Amino acid sequence: MSDLSEPPPTGTSAEWATAPASPKPPAKVSKGKAIVGAIVTIAVLAIVFLGIFPQFASYKDAWTAIQEMPTPWIVALVIACIVNILIYVWPFQVAIPGLRYGPAFSVRQTSYAISNGIPAVGGAIGLGVQYTMLESYGIGSAGSAAGIAVNTVWNLILTLALPIVSVVLLVFTGDATSKAALLAVIGLAVIAIGGILLALVLRSDDEARKIGDLGERIINWLLKIVHHPMELRLGEALVSFRGSTVGVIRSRWALLTLTNFLMQLTSFMVLFIALRGVQAGEPTHTTFAEAFAAFAFGRLASFIPVTPGGLGTVDAAITGILAAFGASSSDALAADLVWRALTYIPQEIIGLVTFLLWRARQRRLASMRTQAPPTRA
C-alpha cells in the first residue's frame, strides 16, 4: 500500500545489520531529527506537487477528469478502498500466530497512522507503539519481535519482486521490449538466488552465520573503497533473525507470501480503477500490465527515506511511468491523486480512531484493576 501502506522499517539496513535483533522497543527519538525531517518532507512535497507536477500536467484538467468519473467507477473505487483496508491486517495476523483480527486491526492501523504521518521519526515511534499495543493484547515481546521482523522482511521481498513480476506480465501480454524480457529473466534469477539464500539461512545457525559473514566481508570491502567508517556484523544479525523467526517462516511462508501479495494487489487495484475511471470514454486505455508496472516500479521510490510513506517521491514515479506508457499527463496525475487520497487519508483517520479507542480501553482496564477488591491469601 507500505504503499505505502506498509510502514517502512525503522532505521537503515546498516543499523539493522550492526546489532542483533531485540524484542525491546527503540530508544527515544531525537526532536532535532523530527524537526529536520518535517522541514525536508515539506520541501519535497512542495517541489513535487507545486514545482514538478504543474510543469508536467494541469491540476485543473486532472480535477476535471476526476469530477467526470462515471458513477460505477466511483462505486468500484470505494469497494476497492474498503477491501484494501480490510486485507491490510492479514499479513500481520499470519506473522503473529494467535493474534485475533480486531486487535491486529487496531495495531496495524495505529502503526500506519504514526509511521506514515510523522516525518523522519514516525517509523521509530510506530514500532514502539506496536510493541506496547501487542503487549496489551497478550502478545509477548519475543512474539512481537518475531512477527514484526517477519512482516517487514516479507514486505521488503514483495516490494522488490513486484517489478520483476510486472515485467514478466508485460512480456506475456506483448507490451515489453526485448530488453525488458532480458530484465525479467535476470530478475527471476535474482529472486531464485535470494530464495535459496533465505532457505539456507533458515536451515541452521551455522549456515546463517556463514552467509552473513560472506555478505559482511563483501559489503565491508565495498565500504572501505568508498571510505565509509561503518563495519557491518551481518553474521550475528542473521543468526539472531533466524532464531526469532524460523518457526513462523517455516510454517507460514506460503500464507505470508499470499497475504502480502494480496495487500499489494488490492492497493494496486485502487490505482488501476482510478486510472480506468478517469480514462472512461477515451478511445485508448492503459492496460492492466502497464498500470501494474507503473505501480510496482513506483513503489521502489518508497525506499528513498525522505518522506513518510513515500509521499511525493512515489507519486512522481507512478505518474511519470503511467505517462511513459501512453496515459495523458492529466489522466496519470488524476489517477495518482485519487489513489494517494484513498490509500492514505482513510487509514490516517482510522489509525487515529483506533489509537484513541485503545487508549480508552487501557484507561478502563486500569480503572477496573484499581477498583477490584484485593484477593485473599
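1. A definition to start with: axes are lines fitted to C-alpha atoms, for helices over the stretch in contact, and angles run from 0 to 180 degrees between N-to-C directions. Welcome to the structure. It is a predicted model, in which local features need pLDDT of at least 70 and side-chain atom pairs count only at pLDDT 80 or more, while totals for chains, interfaces and linings use all residues. Residues are numbered from 1 along each chain as its sequence is written, and side-chain values use heavy atoms, with hydrogens and water left out.

2. Helices here are DSSP runs of H or I with at least four residues, strands are E runs of at least two, and both are numbered from the N terminus.

3. On burial, 44% of the 377 residues count as buried, meaning under 20% relative accessible area with a 1.4 Å probe, protein chains only. The protein exposes about 18800 Å², and carbon and sulfur atoms supply 70% of that area, by the Shrake-Rupley method with a 1.4 Å probe.

4. Next, have a look at helix α8 (residues 141-172) and helix α12 (residues 288-299), whose axes come within 8 Å and cross at roughly 150°. That makes α8 roughly antiparallel to α12, a label for angles over 145 degrees. Their crossing is left-handed, which is to say that the near helix is turned anticlockwise from the far one by less than a right angle; clockwise would be right-handed.

5. Which residues in α8 meet α12? Among them are Leu162, Pro163 and Val165 in α8, and the α12 side includes Phe288, Phe292 and Arg299. Contact means heavy atoms within 4.5 Å. The residues of this contact of α8 with α12 divide into 13 nonpolar, three polar and two charged; Ala, Val, Leu, Ile, Met, Phe, Trp, Tyr, Cys and Pro count as nonpolar, Asp, Glu, Lys and Arg as charged, and the others, Gly among them, as polar.

6. Helix α12 also packs with helix α13 (residues 313-324), at an angle of about 150° and with the axes 8 Å apart. So α12 is roughly antiparallel to α13, and the crossing of α12 and α13 is right-handed. The contact includes Ala291 and Gly298 of α12, with Val314 and Ile321 of α13. Its residues divide into nine nonpolar, one polar and no charged.

7. Finally, Ile211 sits in helix α10 (residues 205-225). Leaving aside residues up to four places away in sequence, Ile211 touches Leu197, Leu200, Val201 and Leu238. The C-alpha atoms of Ile211 and Leu198, 13 residues apart along the chain, are separated by 9.5 Å.

Methods: Buried means under 20% relative accessible area, exposed over 50%, partly exposed in between (1.4 Å probe, protein chains only). Angles under 35 degrees count as roughly parallel, over 145 as roughly antiparallel, 65 to 115 as roughly perpendicular and the rest as oblique.
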